[in-house]
Amino acid sequence: MAEVSIDDVAARAGVHRSTVSRAFSRPEAVNAETRKHVLEVAKSLGYRVNPLAQALRRRASKLVPLLVPDITNPFYGELARTMAAAAADRGYQLVLCVTGGEVAQTNAYLTSLQEMYAPFGIVAPSTTVDLDELQNVALGSKVVVVDRVEQAQVPTVTVDSAEGIALAVDHLRGLGHRRIAYVSGISGAYTSRDRLAAYEGLAAELDMPAVVLDGGTGPDVGERAAQRLVDMTREERPTAIIAANDMVAFALISALGVRGVSVPDEVSVMGFDGLEFGARFNPRLTTVRQPIADMGVIAIDLAEKLLKDGETSHVVLAPDLLVRESTAEVPR
C-alpha cells in the first residue's frame, strides 16, 4: 500500500500543500477551521508527519544529540532523563548517543546529526575524548559541554568540585574524623583532577594526612580500595572515606562489607553526585549532590545563547550536602 503524501492530503482537503504543511508545523498561521479540516482529512487518510523529511526540506530540525560515554553510570541516565524533559519543553527532541568514550564515535555522531540539521549538541565527555577534536566536525562549534570546563572555545556547565569536597571534609570533621581518605575512579579528566586536587589541598591546609586509597579507574576500584584499607594497621586506617562519585562509593561499601568492615560502624563513606539510588542503598548514602537537573536545563540555555549571539559562557554550579546513614561519628 502506497504511503500517503502531503499532496494526497492537500488534494483531498482541497487546499494547497503549503496549507497542509503549516497546519502541522505552524498552526497559528492557519485559520482554525481550515486547520481542523486538514487534520481530520490527514487522520482519515492515515497521514503521518515525517520529522526527518521536514528537517531535510527546511535544512533545520529539532533533533538535539546528547553524547555520553556510557549508560551504565546512573549519572548519565539521570542527566539524559532530566535533559529530555527540558528539551521537550523547548520544542526539541533529544537523541541519546553512546560514544564509548571514543573520539571517532563522538565525531561520527556529530557528523550524522549535522547532516540531519541538528541545531546544536550536548556533550558529556569521558577521559578519552579530546575536546579539541570537536572543532574538526561541523557541529563541533555548536556544542555545550557538561561536567567539564577545560575547553574554553565552547560553552560549559559543571559543578564546583572544590566546594563539594570542602563540604564533604567539613561534614566528616564535624563528626570527629581526622583520618579521611579518598578514592578516585571517576571518568572525566577535568573532574577527576579537580576533586583530587581539592582533597589534597584541604588535607595540606588542615594538616591532615592525604591518603588516596586508589587513584585508578574501572569497575574494580572499590575492590582495590577496600583491600588496601583492610591491609592497613588499625593505627594507619582512615576512619572516613570520600569517594569521587556515588558509583565508587556503592562499590566500596559493598567490597568493605564482603571483607567484614561495617559502614558506618567502623568507617564512614561518602559519595559525590547525589544519584537517586543513593536513597535506596543500604546504608543510605551520604553524598555531595550535583544539581543534575539544573545542568541539563542550563546546557540548553547556553546552546540557545550560542546560536543567538555567539556567546560562550561557562557556568559553575554550587553543590549541596545530603546527610544520610553511611556516615557517623568516629568509632570509639
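**View 1. Arg289, partly exposed at a relative accessible area of 34%, and its salt-bridge partner**. Partly exposed here sits between buried (under 20% relative accessible area) and exposed (over 50%), with a 1.4 Å probe and protein chains only. This is a predicted model, where local features need pLDDT of at least 70 and side-chain atom pairs count only at pLDDT 80 or more, while totals for chains, interfaces and linings use all residues. Residues are numbered from 1 along each chain as its sequence is written, and side-chain values use heavy atoms, with hydrogens and water left out. The partner is Asp320, with the closest N and O atoms 2.7 Å apart. A salt bridge means a side-chain nitrogen of Lys or Arg within 4 Å of a carboxyl oxygen of Asp or Glu. Arg289 belongs to strand β10 (residues 286–289) and Asp320 to strand β12 (residues 320–322), so the link spans distant parts of the chain, 31 residues apart. Helices (H or I, at least four residues) and strands (E, at least two) are DSSP runs, numbered from the N terminus. Asp320 is partly exposed as well, at 31% relative accessibility.

**View 2. Asp301 and Arg90 in a salt bridge**. Their side chains meet at 2.7 Å, N to O. Asp301 is in helix α11 (residues 292–309) and Arg90 in the loop between α5 (74–89) and β2 (93–98), so this pair ties together parts 211 residues apart in sequence. Asp301 has a relative accessible area of 29% and Arg90 comes in at 27%, which makes Asp301 partly exposed and Arg90 partly exposed. Shared partners join Arg90, Asp301 and Glu304 into one salt-bridge network. The whole structure holds eight salt bridges.

**View 3. Arg224 and Asp214, a helix-to-strand salt bridge**. The N to O distance is 2.8 Å. Arg224 lies in helix α9 (residues 221–231) and Asp214 in strand β7 (residues 211–214), so the pair ties together parts that are ten residues apart in sequence. Arg224 is partly exposed at 35%, whereas Asp214 is buried at 10%.

**View 4. Helix α9 packing on helix α10**. The axes of α9 and α10 (residues 246–258) are 8 Å apart, at an angle of about 45 degrees; axes are lines fitted to C-alpha atoms over the stretch in contact, and angles run from 0 to 180 degrees between N-to-C directions. In contact (heavy atoms within 4.5 Å) are, among others, Val221 and Leu229 of α9 and Val248 and Leu256 of α10.
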